[in-house]
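Keep the view open while you follow.

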Amino acid sequence: MVTAAVAAGRRRGVIVALVLLVALLALVSLGVGPVRMSPLAVLDALVGGGGEVPRVIVQEIRLPRAILGLAIGAILGLSGAALQGLLRNPLASPSLFGAPQAAAFGAVLVIALGVADVRSYALPVAAIVMAFLSVFVLLAVAGRNAGLLILILAGLAISSLAGSATALAMNLSRNPFVALEIAFWLLGSLEDRSFRHVMLALPFIAAGAVILLSQRGALRALSLGEESAQSLGVDVAALRLIVITGVALGVGGAVAVTGTIGFIGLIAPHLMRPLVGYDPARLLVPSALSGAALLLMADIAVRLIPSTSDIKVGVLTSLIGVPFFLYLIMRERRRLGGGVA
Amino acid sequence: MMVFMPQRQRFRAPALCAAILMMLGVSSAPAAGLPRLASINACTDQLLLALADPDQILGLGPYSRDATRAWRAAAAHRFPQLSGEAEDVLMLKPDVVVAGSFTKLATRQLLQEQGQRLETFDVAHSLSDVKTQVARMGELTGHPDRAAAYNARIDAALARARRFVARRHYRVLAVSRRGWVAGRRSLVSSLLAEIGLSSAAGDLGLGYGGFASLEAIISLKPDFLLVSSGSEFAEDEGRAFLLHPALEHFYPPSKRIVVSERMTVCGGPMVIEALDRLVAELKRVERDLCRAHTCRPATLRDRQQR
């Protein structure tokens with residue numbers, strides 16, 4: 001009992017520390033940009049003081065970017081934790097399963113057809129449909145109790161297919177500036193977003209987050225095994241559908257305004273497990289917070305690294321994420337080998 | 001152009017026959033000994049359309065019918081559209097192939113190896129480049145008189161524009177999709193400079209052009225933005241950049257000079273239209289400026305400079 005109380009206190013401490021970190025990073029994010037401004041001037045502009053130019057820069061350019069970084073990082077971390085809980089598999093994450101890539105394809109398809117403004121709700125809706133479809137197909141192909149290898153292989157196939165389809169859709173559209181647009185959708189970027197983009201993504205991200213968080217109890221029961229969960233009154237098939245819907249809503253909404261940003265969903269839960277334990281229910285909120293912190297950090301870094309053209313934030317998250325993924329595979333090598341035999 | 005229209009009508013049927021013959025690989029006899037040409041570049045397309053007789057044109061490049069970027073897209077429909085590769089050009093056996101310096105090197109080398117006469121046109125960076133190119137295409141097509149007439153009209157348009165702008169010293173930033181800013185060595189900047197407007201691109205440190213961030217553009221505070229479209233429709237994220245609320249806050253339509261890409265993307269007779277359009281747009285934004293504020297500060301500054 002004493003250890004349980006200590007663990008609960010520690011979890012609270014972790015959450016408070018993460019909230020403070022995310023708030024601090026969001027403020028730093030407001031202070032970083034091509035135009036150098038002092039922290040005081042940024043705060044002044046944020047509350048409506050100072051000149052018109054700094055006010056517009058902070059309120060209309062940097063604030064939506066910070067909000068999107070926070071919200072999208074959070075939903076990616078949350079989705080990763082929920083998928084890992086659902087599949088009882090530490091290698092699960094939206095990007096390894098091709099969900100963001102499929103969502104990007106949905107959005108690009110709308111653009112290629114040239115029927116809708118990129119700032120209309122047609123984009124997130126198309127992205128969500130494709131994200132849902134991709135995760136659904138993945139689980140259908142891999143089966144209920146699929147091993148690590150099968151999930152990863154199927155996910156790889158889906159993400160490659162979606163990536164190629166995205167590039168092809170752009171190539172076939174009449175858009176002559178296709179190369180840069182493809183880079184945006186495949187690599188992801190938070191640059192020059194506006195509050196219109198925030199309004200576009202946020203409702204879906206919020207809905208996805210509410211859905212995923214509502215399944216905390218069911219995910220915890222599922223961690224005991226499918227049969228135990230069923231005996232506890234959890235409808236596993238329904239849970240699966242609900243989690244996929246939540247992930248699709250969140251990831252689809254996010255991708256529709258930023259393109260694919262990978263690996264946040266993979267890393268965030270892993271960073272939190274040593275701190276808050278392995279209970280999927282208790283992992284959700286800390287994973288969301290650490291996802292937000294990770295994406296904000298990456299987005300601050302791409303603005304600080306000196307470069308001739310802007311670095312895409314998805315490039316940075318992959319640069320960090322892929323070695324981490326390789327490390328995970330190494331750690332899971334025995335299980336993977338067992339899967340083959 | 002009005003002068004050539006009746007001529008174009010008259011040649012429609014023969015051109016169609018020629019096109020059919022060409023598809024069969026049969027060369028028709030050159031009209032009155034004039035050379036027959038094929039173009040595989042978007043800018044040489046426009047020069048050829050302006051200067052050659054219709055039956056001299058054996059084919060145009062792959063972008064010749066793109067209404068948003070090709071100046072005479074409508075006129076291009078009656079000519080065969082080429083792939084931009086070497087194969088179909090070789091089948092046509094033109095006397096001269098005109099290409100751009102950005103046309104794939106492999107294609108150009110292949111054509112030359114096959115003994116095809118190839119004339120490469122560089123990107124026009126200034127009005128004098130444009131006039132040189134018009135004259136050169138005039139020589140190639142055997143119509144130096146037409147070229148000279150166009151160049152005279154370019155000079156006249158320039159004089160008109162200069163007369164209007166002489167008193168004003170607005171800073172204009174030519175910005176396109178995703179924040180691409182045309183540098184000093186671009187045709188657009190050269191047009192601005194020729195008529196006495198200062199381009200704000202230099203203040204960004206972009207000599208040859210480059211991407212500017214929203215924040216940089218806003219802090220630069222140019223008087224007006226020069227954009228290629230006044231549409232509010234964002235067909236992709238690159239275009240959405242120009243419709244960002246922060247940019248629209250400082251640069252609503254009343255502070256945006258709109259000159260279509262059709263008129264500025266290439267150097268050719270379309271610069272006449274570009275110059276006239278530039279002046280018309282300046283008049284519009286200036287009128288809006290005077291309506292919003294008083295025009296006195298501008299005239300005061302002009303007086304001081306004089």
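## Reading strands, helices and a contact

A: In β6(B), B:Val181 is the bridge partner of B:Val175. One caution before more: this is a predicted model.

Q: How do I read such a pairing in general, and which way do β5(B) and β6(B) run, parallel or antiparallel?

A: Strands in a sheet pair through backbone hydrogen bonds, either parallel or antiparallel. Here β5(B) and strand β6 (residues 180-181) of chain B run antiparallel, joined by 2 bridges.

Q: What should I look for in the hairpin of β5(B) and β6(B)?

A: Look at the residues between the strands. There are 3 in this hairpin, and B:Arg178 takes a positive phi near 60°.

Q: Which other strands pair with β5(B)?

A: Take β7 and β9 in turn. Strand β7 (residues 198-199) of chain B runs parallel to β5(B), with 2 bridges between them. The bridge partner of B:Arg171 there is B:Ser198. Strand β9 (residues 224-227) of chain B also pairs with β5(B) in the parallel sense, over 3 bridges. In that pairing, B:Leu173 stands opposite B:Leu225.

Q: Is strand β5 of chain B mostly covered or mostly open, and how many of its residues are buried?

A: Count the buried residues along the strand. In β5 (residues 171-176) of chain B, 5 of 6 residues are buried, and the strand is mostly covered.

Q: What is the strand order in the open sheet of 4 strands in chain B?

A: The order is β2-β1-β3-β4 in chain B, with parallel pairing. At the edges stand β2 (57-59) and β4 (118-121) of chain B; each has a single partner strand, so one side of each lacks a neighbour in the sheet. From one strand to the next, the twist averages 30°.

Q: How many bridges hold the pair of β1 and β3 in chain B?

A: Strand β1 (residues 37-39) and strand β3 (residues 96-100) of chain B pair over 3 bridges, in the parallel sense. B:Leu37 stands opposite B:Val96 in β3(B).

Q: Which strands does helix α3 of chain B lie across?

A: Take the strands touched, then the angle. Helix α3 (residues 42-51) of chain B lies across β1, β2, β3 and β4 of chain B, and runs at about 130° to β3(B). Helix α6 (residues 105-113) of chain B also packs on the sheet, where it touches β3 and β4 of chain B. The direction of α6 makes about 155° with that of β4(B).

Q: Where does α13(A) bend?

A: The bend is at A:Pro286, by about 25°. Helix α13 (residues 280-304) of chain A has 25 residues and reaches 35 Å from first C-alpha to last, close to the expected 36 Å. Of its 25 residues, 19 are buried, and α13(A) is mostly covered.

Q: Which phi do A:Asp192 and B:Lys221 have, positive or negative?

A: A:Asp192 has a positive phi of about 55° although it is not a glycine. A:Asp192 sits in the loop between α7 (178-187) and α8 (195-214) of chain A. With 21 C-beta neighbours inside 10 Å, A:Asp192 counts as buried. B:Lys221 is not a glycine, yet has a positive phi of about 50°. The loop between α10 and β9 of chain B holds B:Lys221. B:Lys221 has 13 C-beta neighbours inside 10 Å and counts as partly exposed.

Key
Residues numbered from 1 in each chain as written. Chains lettered and ligands numbered in written order. Predicted model: local features only at pLDDT ≥ 70, side-chain atom pairs only at ≥ 80, totals over all residues. Buried ≥ 20, exposed ≤ 12 C-beta atoms within 10 Å, placed from the backbone. Pairing = 2+ DSSP bridges. Expected span 1.5 Å × (residues − 1). Bend = angle between axes of the 7 residues up to and from the residue. Axes fitted to C-alpha atoms, helices over the stretch in contact; angles between N-to-C directions. Contact = placed C-beta atoms within 7 Å.
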